[in-house]
Amino acid sequence: MEVQSWDSLRNQARKLEAQLDEQMVLYRKLVSTKASTKGEATESDLESWIERLLNQLKQVNSQMQAWVSSGGSEMVSHTLTRHQEIYQDLTQEFYRLRSNLRAKQEHASLLDDFKELDRTRLDLEEGGGSEQQNLLKERASISRSTGQMDTVISQAQATLGALVFQRSTFGGINSKLSNVSSRLPTVNTILSAIKRKKSMDTIILALVGSVCVFLIFIYWLTK
């Protein structure tokens, strides 16, 4: 695979971020106005497109990370950090908005079920019949079970999104620490020297303290 230049990768990242900003504006409007109980084609297509863009941006960031690890400057490292933060913010907001949308759809679905149950109850009160009452109870039980399953699925999707986001964050932190260690080996040497000096100072203080106590003890015996 051809190794791309830093400028090429940075331009790709900016282009993807701009496209994501545009799609997120549309998605925010959709979430704020959505009242349908079922997902529509527009909603599904928009979510799929945003996920595709996020995945592409993640891949570009990974290539930029590899480029920095191979010997990029400090300024380049700061630029990469900024692109990673943008990716994390967009990912987190997308998962939050999608979770809110699923919750609104579930709420609307439950309202529709209650309305249907009310209509069926009125029909039964007018017509009667124990068999119809049993069917009504069974339908209500199925509706409650379905609503609970949808809620659990929505919560699981939100949790998965949070775990993916945390994994990406921790991976970025580890790569940054490794990069700093490889770029600044002198820092490790200085820290080790400081630790050795601190240990030596502690030993010297302990010896001086012991000598002082011994001299005081001798003085007390000869007094």
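**Close-up 1. Glu-93 and Arg-28 join their side chains in a salt bridge, 2.6 Å from N to O.** A salt bridge here is a side-chain nitrogen of Lys or Arg within 4 Å of a carboxyl oxygen of Asp or Glu. Glu-93 sits in helix H3 and Arg-28 in helix H1, 65 residues apart. Helices are DSSP runs (H or I, at least four residues), numbered from the N terminus. Glu-93 is buried at 18% relative accessible area, while Arg-28 is partly exposed at 34%. Buried means under 20% relative accessible area, exposed over 50%, and partly exposed in between (1.4 Å probe, protein chains only). This is a predicted model, in which local features need pLDDT of at least 70, side-chain atom pairs count only at pLDDT 80 or more, and totals for chains, interfaces and linings use all residues. Residues are numbered from 1 along each chain as its sequence is written, and side-chain values use heavy atoms, with hydrogens and water left out.

**Close-up 2. Arg-28, Glu-93 and Arg-96 are linked in a network of salt bridges.** Arg-96 pairs with Glu-93, their closest N and O atoms being 3.9 Å apart. These two residues are three apart in helix H3, so about one helical turn separates them. Arg-96 is partly exposed, at 44%.

**Close-up 3. Glu-51 and Arg-98 form a salt bridge of 2.6 Å, N to O.** Glu-51 belongs to helix H2 and Arg-98 to helix H3, so the pair ties together parts 47 residues apart in sequence. Glu-51 is partly exposed at 36%, whereas Arg-98 is buried at 15%.

**Close-up 4. Glu-47 makes a side-chain polar contact with Tyr-27 (2.6 Å).** A polar contact is a pair of N or O atoms within 3.5 Å; within protein, one must be able to donate a hydrogen and the other to accept it, and residues adjacent in sequence count only if both atoms are side-chain atoms. Glu-47 lies in helix H2 and is buried, with a relative accessible area of 7%. Leaving aside neighbours within four places in sequence, Glu-47 also has Phe-94, Arg-98, Leu-101 and Arg-102 among its contacts (heavy atoms within 4.5 Å).

**Close-up 5. Leu-54 touches Leu-20, Tyr-87, Leu-90, Thr-91 and Phe-94, not counting residues up to four places away in sequence.** Leu-54 is one of the residues touching the most other members of the largest nonpolar core, which has 25 residues. Such a core is a set of buried Ala, Val, Leu, Ile, Met, Phe, Trp, Tyr and Cys residues joined through side-chain atoms within 4.5 Å.
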